[in-house]
Amino acid sequence: MSGLNKTMVTEFILLGFPNLAQFQLLFFVILLLIYMVTLLGNILIILTTMVDPALHSPMYLFLQNLSFLDICFTLVVVPQLFSNLLTEKNSISFIGCMAQMFFFFSFGTVECFLLAAMAYDRYVAICNPLHYRNIMNRRVCIQVMLALWFSGIPVGTLQTTWLFSLPFCGPNKVNHFFCDGPPVLELVCADTSLFETYSLTATVIIIMSPFMLILGSYICILHTVLKMNSAAGRHKAFSTCSSHLIVVTLLYGTGVLAYIQPKSDYSPDIKKLLSLSYTVVTPTLNPIIYSLRNREVKESLWRTLGRKIIITPSFNTHIFF
Ligand SMILES: *[C@@H]1O[C@H](CO)[C@@H](O)[C@H](O)[C@H]1NC(C)=O
C-alpha cells in the first residue's frame, strides 16, 4: 500500500442494493408497507400497555420496552434506507456513519438481552410460580430494565471508537444499506485481526449466551407445560413457544452469521439479506408474535379502542397467549 493512498476519508457512500436498481421503487413500496406495520404494531402495544391497568405486570412492561426498542432500532436504519432508495444522494458523513453504528450496536445489544430477560421472566412465572412475585417485583423489574438499556452503551462505544480509529484510506464505498460493522471493516486499510477477535468474543457474549438462556428457559417451560392436564393448553403453549423460538432463532442466527466472522466470504447480497432480517423482519414480527397473538393484549386493545366485547373465561398460563 503506498503512502500516497492515505487520503482522509471524510464521508462514506452507501451503495445500498445496486442489483435491485430496476426494482428500486417496488422494493421501496414493500419496505414502506412493512415499516408502517412495524410502527403501527409497536405504537399500539405501547399505548395499550400504558393505558390499561390490567397490563401493568412485569411481562407487559417488558413487552412495552421491546416495542419501544424496536421503534428506536428501526429508526436508526430504515429512514436511511428509504432515502437511499429514493434519492441519488447516497453519501453519509464520517460522523453520521459513526453515530448510526453506535446506535445500531447499542440498540441491538439491548434487543438481544431484553429478549433473554423476557424468556427468563416467563421461565420463572411458569416453572417457579410460587416465587414469581418475590423474584420479579417492581423494583427488580425497573433495575433489570435500566441495566438492559445501559448495557448497550459500552458495546456501542467500544465497537464505534475502535473501528473508526482504524485507518481508512479509500475507497469509501460501503457495500451495504447502512453503516453496519462488517461492511465498514472491509474498508479499513490495516491489520484488523485484533478487532476481529473482539468481534468474535462480543458475538459469543451478546448473541450466543442470551440465545442459550432463551433456549434453556423454553426447554423448562415446555417441560412444565407438557405435564399440564389440558390438551388445549398444551397445544396453545406449543404453538406460542415455537413461534417465539422461530423469530428468536431468526434474529440470533442471522446475527451470529453476520458478526461472528465480520470479514467472511459470503457475497455482499447474502450479507444484506442477513441484515434485512435482523433490522426489518424481527422488529415487525415481535409485536405480532409476542402481543397480538396474546388474548389479554387483544382484549385490551379492543377495550382501549372503545369496543365492548364479551370476555370468555379461559385457561391462560400467560405465555404471551
Ligand atoms: C419499560 O420498563 C420500565 C420498568 O419496568 C417501565 O417503567 C417503563 O414504563 C417501560 N416502558 C418503556 C416504554 O420504556
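Analyst: A disulfide is a pair of cysteine sulfur atoms within 2.5 Å. The model is a predicted one, in which local features need pLDDT of at least 70 and side-chain atom pairs count only at pLDDT 80 or more, while totals for chains, interfaces and linings use all residues. Residues are numbered from 1 along each chain as its sequence is written, and side-chain values use heavy atoms, with hydrogens and water left out.

User: What is the handedness of the disulfide of Cys169 and Cys189, left-handed or right-handed?

Analyst: The sulfur atoms of Cys169 and Cys189 are 1.7 Å apart, and the two residues form a disulfide. The torsion about their S-S bond is about 130 degrees, so this disulfide is right-handed.

User: How many residues apart in sequence are the parts that Cys169 and Cys189 tie together?

Analyst: Helices (H or I, at least four residues) and strands (E, at least two) are DSSP runs, numbered from the N terminus. Cys169 lies in the loop between helix H5 (138-165) and strand S3, and Cys189 lies in the loop between H6 and H7. The pair therefore ties together parts whose separation in sequence is 20 residues.

User: Which hand does the link of Cys97 and Cys179 have?

Analyst: Cys97 and Cys179 form a disulfide with their sulfur atoms 2.0 Å apart. Cys97 is in helix H3 (residues 94-127) and Cys179 is in the loop between strand S3 (173-174) and H6, so the bond ties together parts 82 residues apart in sequence. The angle about the S-S bond is -110 degrees, and the link is left-handed.

User: Are Cys97 and Cys179 buried or exposed?

Analyst: Buried means under 20% relative accessible area, exposed over 50%, and partly exposed in between (1.4 Å probe, protein chains only). Cys97 has a relative accessible area of 0%, and Cys179 also has 0%. Because these values fall under the 20% limit, Cys97 is buried and Cys179 is buried.

User: What pattern do the disulfides of the protein chain follow?

Analyst: The structure holds two disulfides. With bonded cysteines counted along the chain, the pattern is 1-3, 2-4.

User: Which cysteine has the sulfur closest to that of Cys141?

Analyst: Cys141 is buried, with 4% relative accessibility. The closest cysteine sulfur is 18 Å from that of Cys141, which is too far for a bond, and it belongs to Cys72.

User: Which residue forms a salt bridge with Arg122?

Analyst: Side chains of opposite charge can pair when their charged atoms come close. A salt bridge is a side-chain nitrogen of Lys or Arg within 4 Å of a carboxyl oxygen of Asp or Glu. The closest N and O atoms are 2.8 Å apart, and the partner of Arg122 is Asp121.

User: How many residues apart are Lys271 and Glu186?

Analyst: The side chains of Lys271 and Glu186 meet in a salt bridge, at 2.9 Å from N to O. The pair links distant parts of the chain, with Lys271 in helix H9 and Glu186 in the loop between helix H6 (181-185) and helix H7 (193-226), and the separation is 85 residues.

User: Which of these is buried and which is partly exposed, Lys271 or Glu186?

Analyst: Lys271 has a relative accessible area of 15% and is buried. Glu186 has a relative accessible area of 41%, so the partly exposed residue is Glu186.

User: Which helix gives the largest share of the nonpolar patch?

Analyst: Patches are made of residues with over 30% relative accessible area and no salt bridge, with like charges joined within 9 Å and nonpolar side chains (Val, Leu, Ile, Met, Phe, Trp, Tyr) within 5 Å. Leu25, Val29, Leu32, Leu33, Met36 and Leu86 make a nonpolar surface patch of about 560 Å², with accessible areas taken from the Shrake-Rupley method with a 1.4 Å probe and, for residues, only the protein chains shown as cover. Val29 counts as partly exposed at 40% relative accessibility. Five residues of the patch come from helix H1.

User: Where does Arg293 lie?

Analyst: Arg293 forms a positive surface patch together with Lys236, Arg295 and Lys298; Lys and Arg count as positive and Asp and Glu as negative, while His and the chain ends are not counted. The place of a charge is taken as NZ of Lys, CZ of Arg, CG of Asp or CD of Glu. At 32% relative accessibility, Arg293 is partly exposed. Its place is the loop between helix H9 (268-292) and helix H10 (295-304).
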